[in-house]
Amino acid sequence: MTIDTLCVQGGWQPKRGEPRQPPIVQSTTFRYETTQQMADLFDLKAAGYFYTRLANPTNDAVAGKIAALEGGVAAMLTSSGQAANTFAILNLANAGDHVIASAQIYGGTFNLLAASLKKLGIETDFVDPDADAQTIAAVVKPNTKCIFGETVANPSGAVLDIGKFAAVAHEAGVPLIVDNTFPTPVLCRPIEFGADIVTHSTTKYMDGHAAQVGGCIVDSGNFDWEKYPERFAGLVAPDPSYHGLSYTKAFGKAAYITKATAQLMRDYGAIPSPFNAFILNLGLESLHLRIRRHAENALAVAKYLQTRLGGDVAWVNYAGLEDSKYYALAHKQFAGGLPCGVLTFGLAGGRERSVRFMDALKMIEIVTHVADARSCVLHPASHTHRQMTDEQLREAGIPPDLVRFSCGLESSADIIADLEQAFAASK
Ligand SMILES: *Cc1c(COP(=O)(O)O)cnc(C)c1O
């Protein structure tokens, strides 16, 4: 099936007489007839539902659709994108381990690595995503457990060369984790370029209507953990918290997701409500139509902003523009050469003008959210990144005048008209 059909038909497969929509199984618990039946579930000897923190039919159906969309073997839903990235890394790295991450990533993920995981004893080195393979490889240490990047960085818009990062990771014998939130699998399937694990904030385009917070981890099933039995002892060696079970021996290609469920979800929680999974699935049913319209609108707005260069606009960054340094890479990695509906630009007049401009917008709203059906705008220097100095902002690839613009599904003519009046009003 093509990706368009998978968006509509993937996941829940009703049998005769069952509901066409995935039922919202709003139950914490599931009934069994004998003590032994339940014991086999606890031993992971039999598959079945027993407690929603570990597995739930609604959540599983939606995870199955996302696994199919990404071309992976298994997926797990989480209660947020933050939880997805936390689990994706904690499933591989322990205290005393090392992670390499692109320096151009979502602020929440930066804090996760630089502050919270650091407190747990996991060190991260950040690398310039545009650096050459040799420079990135030089950062690898014997205790490196994974390399992490974002297909399209939020908010900077930097495009990750997935093939380059995968080659460095595989040479080092570690998996590449890619956060594919912005392009979604409709525009980019990172596994096809060598990513081993794919994560999502499903809060963004996958849901698309700002209705639920959620996340997902997809395993390609391609990484050979048993080739490095010491480095990935957590997956290969017997797990004392599961009666000495080896995840790779017992679950083969599903070892990584099974371990994430059996250990991390068991111990840390962060399961989504089945109701949220249901809402996410409604979003997925039209994802293929929406994300293309978001991207087409972004290209139209980026081209309009270019006509203002030298006047109101200081710079425009969208990988779909011919003069973007990521144009060739975008054509290699993204269907139709367009990354997503988010673009960034700066106003002539710097930080103060950017603020005046945003305050003058009428239809386009100032919200923290991004990748929503309604166009919205954010000024990282005043909002998400306001604790940073101008110098720290530049190092993170976020100039102080940067406006992050998320093109919605409105007519591009109406979006451009609102921008036009705000330019005039903010002079
Ligand atoms: C929003 C976002 C996250 C965090 O997701 P939440 O659902 O808000 O927890 C992670 N990565 C990227 C790229 C994001 O845009």
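Visitor: Over how many bridges do strand S9 and strand S12 pair?
Guide: Strand S9 covers residues 342–347 and strand S12 covers residues 402–406, and the two run in the antiparallel sense. The model is predicted, so to read it: local features need pLDDT of at least 70, side-chain atom pairs count only at pLDDT 80 or more, and totals for chains, interfaces and linings use all residues. Residues are numbered from 1 along each chain as its sequence is written, and side-chain values use heavy atoms, with hydrogens and water left out. Two strands pair if DSSP finds at least two bridges between them, and the bridges joining S9 and S12 number five.

Visitor: Which residue in S12 does Val342 stand opposite?
Guide: Helices (H or I, at least four residues) and strands (E, at least two) are DSSP runs numbered from the N terminus. Within the antiparallel pair of S9 and S12, the residue opposite Val342 is Ser406.

Visitor: Which helix packs on the sheet, touching S8, S9 and S12?
Guide: Contact here means heavy atoms within 4.5 Å, and angles, from 0 to 180 degrees, are taken between the N-to-C directions of axes, which are lines fitted to C-alpha atoms, for helices over the stretch in contact. The direction of the helix, which spans residues 287–307, makes about 15° with that of S9, and its name is H13.

Visitor: Which strands stand at the edges of the five-stranded sheet?
Guide: The open sheet has mixed pairing and the order S8-S9-S12-S11-S10. Each edge strand has a single partner, so one side is left without a neighbour in the sheet; these strands are S8 (313–317) and S10 (365–366).

Visitor: At what angle to S9 does helix H15 run?
Guide: Helix H15 is formed by residues 350–360. It lies across S9, S10, strand S11 (376–378) and S12, and its angle to S9 is about 120°.

Visitor: Which strands stand at the edges of the seven-stranded sheet?
Guide: This second open sheet is also of mixed pairing, in the order S1-S7-S6-S5-S4-S2-S3. Its edge strands each have a single partner, so one side of each lacks a neighbour in the sheet; they are S1 (74–78) and S3 (123–127).

Visitor: What is the bridge partner of Ala74 in S7?
Guide: S1 and strand S7 (residues 215–219) run antiparallel and are joined by five bridges. In S7, the bridge partner of Ala74 is Asp219.

Visitor: What angle does the direction of helix H3 make with that of S1?
Guide: Helix H3 comprises residues 57–70 and packs on the sheet. It touches S1, strand S6 (197–201) and S7, and its direction makes with that of S1 an angle of about 125°.

Visitor: How much of the ligand's accessible area does the protein cover?
Guide: Among the polar contacts, which are pairs of N or O atoms within 3.5 Å, a polar side-chain atom of Asn154 lies 2.9 Å from an oxygen atom of the ligand. Polar side-chain atoms also lie 2.7 Å from a ligand nitrogen atom in the case of Asp179, and 2.6 Å from a ligand oxygen atom in the case of Thr203. Of the 380 Å² of accessible area (Shrake-Rupley method, 1.4 Å probe) that the ligand has on its own, the protein covers 92%.

Visitor: Where does Pro155 lie?
Guide: The peptide bond from Asn154 to Pro155 is cis, with omega near 5°. Pro155 lies in the loop between strand S4 (144–150) and helix H7 (162–172).

Key. Polar contact = N/O pair within 3.5 Å; in protein donor to acceptor, adjacent residues only side chain to side chain.
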